[in-house]
Structures are given as structure tokens and as C-alpha cells.
Amino acid sequence: MKNSPAHFLRIRLKGENKNTYGVGAKVYVQTAHIKQLQEEYITRGFQSSVDPVMHIGLGKDSIIQSVKVNWLNGRVSVMHNIKADTLLVIEESKAPKNDLIETNNNNTHGNIIRHLFEDVSESSGINFVHKQSAFVDFKISPLLPYQLSKIGPCIAKADVNKDGLEDVFIGASAEQESVLYLQTEDGKFVPSASQPWNVEKKYTNADALFFDADGDGDDDPAA
């Protein structure tokens, strides 16, 4: 008995800007018998990669009911009733804009979109800018797997002044000042008047922890 031929679909993604291969996109393929998901990642370890063209095995199905691509920018490309054993090229630039992403926080049906996250970088009061040390660890210890001086900044939180609000400590690299920010009742942060850890700035703060070091009942930062 002769085996029936197995079908396939090859998919080439054409992303926008510098992401020409559409790396990170999720591709959903559905036939009468199979549902599949593949993510576009071409790296396979150290100095290794694979063909950016996806190869989807379809078995005996000669027609693909639908192909959906979720691009990283939120857009979605959808195609239906595609013949198997072909190369399908899908372009990110031709994907329609996602209706859920609107500048006025309303979609096409007039419903309010509730965002899970909001950028409060400027209004929070935390204006810490990390300045990386120029020291090169490999010149001293060439067998290190990574540079230990480059693993900061470290962050820890606790209610330091016992006002019921969580405060934030940011430990800096060598020669930069670390900062303890105290939270205010309106949800913003201000630098603490006391920053005793900056008496010694020769070392990089790689980790931070709050605990009651002096046994007075409040949390003290240690970096």
C-alpha cells in the first residue's frame, strides 16, 4: 500500500524597520485536523542559527483553514483558505492596526479601554539614571563568564519610615551615589534627607536587602 503524501506550508515573515525577519512574532496555523503555534526565533545557541523561513508540517491536510500572525507591535495578520505545499510571504506593513490601541483610549465601538500599565517615569519623582562603571573585569579575571561590575543597579523596597507606604532604594555602580526614595501619600517619591551609604562609593552595589540590622524595629537597607 502506497503512503499518501504529507503536505507542508512554508512561511516567510517580512517585518518592519530593522526586524526584517519578524523575530518574536507568533504564527498560528489551523487545518481541519491540526492546530499549531510557532514563534519566529532563528538563534539556536552560540554562533548558531536556522533558516528564517518556517516549515509547517500539515500531514494529510492539503488546505490551511487559517494562518494568523501576532506581530510584536500589536498588529495581527490573518489569512484564510491557503493551499498547502506553497511558500506564503506575510508582510508586517500590510497588517491592519489593532483596534485596541487608540490614543484616545477608546476603540471603534466607543468602549473605554482599561490599560494594565501606565508610564509614570516622569511624574513618579524617581529620576535615578544609572551610570555604568568603565572598569573591565576581564582584564583582571579573563575567565569570568560575565563582568561582575556590570550587574547593577540593584533595587529593594520596604517601608523604611513606618508610614504605611513602600519606599525604594536603588544601589548604584562604583563612584555613583545610591539613592533611597521615600514614597509620599500621593504616590510619588522624594529622595531621603539622609543617604549615609554614599560615604563610601568605591564599590558597585550588586544586590540590596532591607532588614532590621540594629534591632530597633524598623527596616535598614544593606547593599
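Modeller: Before we look at the sheets, one definition: two strands are said to pair if DSSP finds at least two bridges between them. Please also keep in mind that this is a predicted model.

Colleague: Understood. How many helices and strands are in the protein?

Modeller: The protein has zero helices and 13 strands. Read from the N terminus, its elements are therefore written as β-β-β-β-β-β-β-β-β-β-β-β-β.

Colleague: Which strands form the open sheet, and in what order?

Modeller: The open sheet consists of three strands in the order E4-E1-E7, with mixed pairing. Strand E4 (54–59) and strand E7 (87–91) are at the edges; each has a single partner strand, so one side of each is left without a neighbour in the sheet. From one strand to the next, the twist averages 25°.

Colleague: How do E1 and E4 run, and how many bridges join them?

Modeller: E1 and E4 run antiparallel and are joined by five bridges. In one of these pairs, Phe-8 has Gly-57 in E4 as its bridge partner. In general, strands of a sheet pair through backbone hydrogen bonds, in either a parallel or an antiparallel manner.

Colleague: Let us move to E5. In which sense does it pair with E6?

Modeller: Strand E5 (residues 63–70) pairs with E6 in the antiparallel sense, over seven bridges. Within this pair, Lys-68 stands opposite Val-78 in E6. The hairpin of E5 and E6 has five residues between the strands, and Gly-74 in this hairpin takes a positive phi near 95°.

Colleague: Is Asn-81 buried or exposed, and why?

Modeller: Asn-81 counts as exposed because its relative accessibility is 64%, and the cut-off for exposed is over 50%. Asn-17 also has a positive phi, near 55°, without being a glycine. Asn-17 is placed in the loop between strand E1 (7–14) and strand E2 (26–30), and it counts as exposed at 73% relative accessibility.

Colleague: Where does Thr-31 lie, and is it buried or exposed?

Modeller: Thr-31 is in the loop between E2 and strand E3 (35–39). With a relative accessible area of 4%, Thr-31 is buried. Beyond four places in sequence, Thr-31 touches Leu-58, Asp-61, Ile-63, Ile-64 and Gln-65. Thr-31 and Asn-81 are 50 residues apart along the chain, and 9.2 Å separates their C-alpha atoms.

Colleague: A change of topic: where is Ser-173, and what does its side chain join?

Modeller: Ser-173 lies in the loop between strand E9 (167–171) and strand E10 (179–183). The side chains of Ser-173 and His-130 are joined by a polar contact of 3.5 Å. Ser-173 counts as buried, at 1% relative accessibility. Leaving aside residues up to four places away in sequence, the residues touched by Ser-173 include Lys-131, Ser-149, Tyr-203 and Thr-204.

Colleague: Finally, what share of the residues of the protein count as buried?

Modeller: Of its 223 residues, 30% count as buried. The protein exposes about 15,300 Å², of which carbon and sulfur atoms supply 53%. Among contacts between residues at least 6 apart in sequence, 45% join residues at least 24 apart.

Methods:
Residues numbered from 1 in each chain as written. Predicted model: local features only at pLDDT ≥ 70, side-chain atom pairs only at ≥ 80, totals over all residues. Heavy atoms only, no water. Helix = DSSP H or I, 4+ residues; strand = E, 2+ residues; numbered from the N terminus. Buried < 20%, exposed > 50% of the residue type's maximum accessible area, 1.4 Å probe, protein only. Contact = heavy atoms within 4.5 Å. Areas by Shrake-Rupley, 256 points an atom, 1.4 Å probe, with all protein chains shown as cover. Axes fitted to C-alpha atoms, helices over the stretch in contact; angles between N-to-C directions. Polar contact = N/O pair within 3.5 Å; in protein donor to acceptor, adjacent residues only side chain to side chain.
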